[in-house]
Amino acid sequence: MYLNVAEIESAITSLHDAYPDTSEIITPPHLTHEGRTTRLLRVGTRQIDEVPGILLLGGIHAREWMPPDALVSLAADVLEAHDLATGLGYGSSTFTAAQVTQVVENLNLLFFPCVNPDGRAFSQTTSATWRKNRRPAPAGSTGSSCIGVDLNRNFDFLWDHTSKFAPDADVHTSSTPCNPQVYRGPAPASEPETRNVVWVLDTYPKIQWMADVHSAVPVILHNWGSDQNQSTTPADNFRNPSLDTVRGRPDDGIGEFIPERDLKIAVELAERMNDAIRAVRGVDYGVEAAYGLYPTSGTSDDYAYSRHLTNPAATKVIGYTIECGDSFQPVFSEAEQVIQEVSAALLALALNAPEVTDGA
Ligand SMILES: [Zn+2]
């Protein structure tokens, strides 16, 4: 059975109670519209400011029921395996006890399994296909009777798609509150759930990688989602206003700049995740730049990676969106298989991230 919101919260508490020396509960400051507190479980024997961190997000989209369960399951697996000094296996994707130790004692994994609990509760009790959060549109605005913001269009990265993209770019974002899927919200980072993710990145500058787990395609997406990647023209980037009328078009010779080294790291780590997934039961998720799915604005992964470019004091965060499985709410026996794939991918990310990043 899929976990409900209360079960996710109690899992965080019980895991911390069971492994107090290897975990810590982190509570971001912003309550959801319905008054819920959300929490992270940090897993690692070292302090948060001592070693590099990986932020793992789930549940941003309410109807995608598997990612929160996957993150809770992986946190439990890693804590138990470290405690018992055993390895972990997901199908033919295996990790030795020494590898588990390496991850837990040289990194911090920040599990944020349910970023949007209001949405998940609504999806699990009332309307299974619900995607957004549950915040009503501001009173008096057009569409003020409508509810919910797509949190993965609400981050402060090219948020105002109507002024930042070519009119004919097929950006999957909407400024209409009644859009049931991709309403971006009234302002960048207007939503408490978005601000909680921003708070985590602001508060813990040792975070160098982020994976936002979604469903379902499946595919592993790396930066960027705003336009095709290019590594030759640094001036062609999201901060350049002269591109606001042309951004997002395919094959027009103008793309979003990503340094060759960062792209190499992003792709190499994604390939290692994909290898780990394939070993579970043979499914090939594939790896592509997020733009390959469709152009986007305001997403978590591009926001995370853009932070060091808009603020030189910010840490560079390589961002991923992992679209797991091939349906939102499969029967749980299938979900368990997908959870193994996600677990294998994220462990592979943790295991390889420092080496691949330092070696590039
Ligand atoms: Zn999603």
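Student: Is Cys 146 buried or exposed?

Tutor: Keep in mind that this is a predicted model. In it, Cys 146 is buried, at a relative accessible area of 17%.

Student: And what is Cys 146 joined to?

Tutor: Cys 178, through a disulfide with the sulfurs 1.9 Å apart. The link is right-handed, with 90° about the S-S bond.

Student: OK, which parts does that pair tie together?

Tutor: Cys 146 sits in the loop between α4 (117–125) and α5 (161–164), while Cys 178 is in the loop between α5 and α6, so the bond connects parts 32 residues apart in sequence. As for Cys 178, that residue is partly exposed, with a relative accessible area of 38%.

Student: How many disulfides turn up in the whole structure?

Tutor: One.

Student: Switching to helices: how much of α8 is buried?

Tutor: Nine of the eleven residues in α8 (300–310) are buried, so the helix is mostly covered. Among them are Asp 301, Asp 302, Tyr 303, Tyr 305 and Arg 307.

Student: What covers those buried residues of α8?

Tutor: The cover includes two helices, α6 (192–203) and α7 (260–281). Strands β3 (53–58), β7 (207–215), β8 (219–222) and β12 (318–324) are also part of it.

How values were computed:
Residues numbered from 1 in each chain as written. Predicted model: local features only at pLDDT ≥ 70, side-chain atom pairs only at ≥ 80, totals over all residues. Heavy atoms only, no water. Buried < 20%, exposed > 50% of the residue type's maximum accessible area, 1.4 Å probe, protein only. Helix = DSSP H or I, 4+ residues; strand = E, 2+ residues; numbered from the N terminus. Contact = heavy atoms within 4.5 Å. Disulfide = S-S within 2.5 Å.
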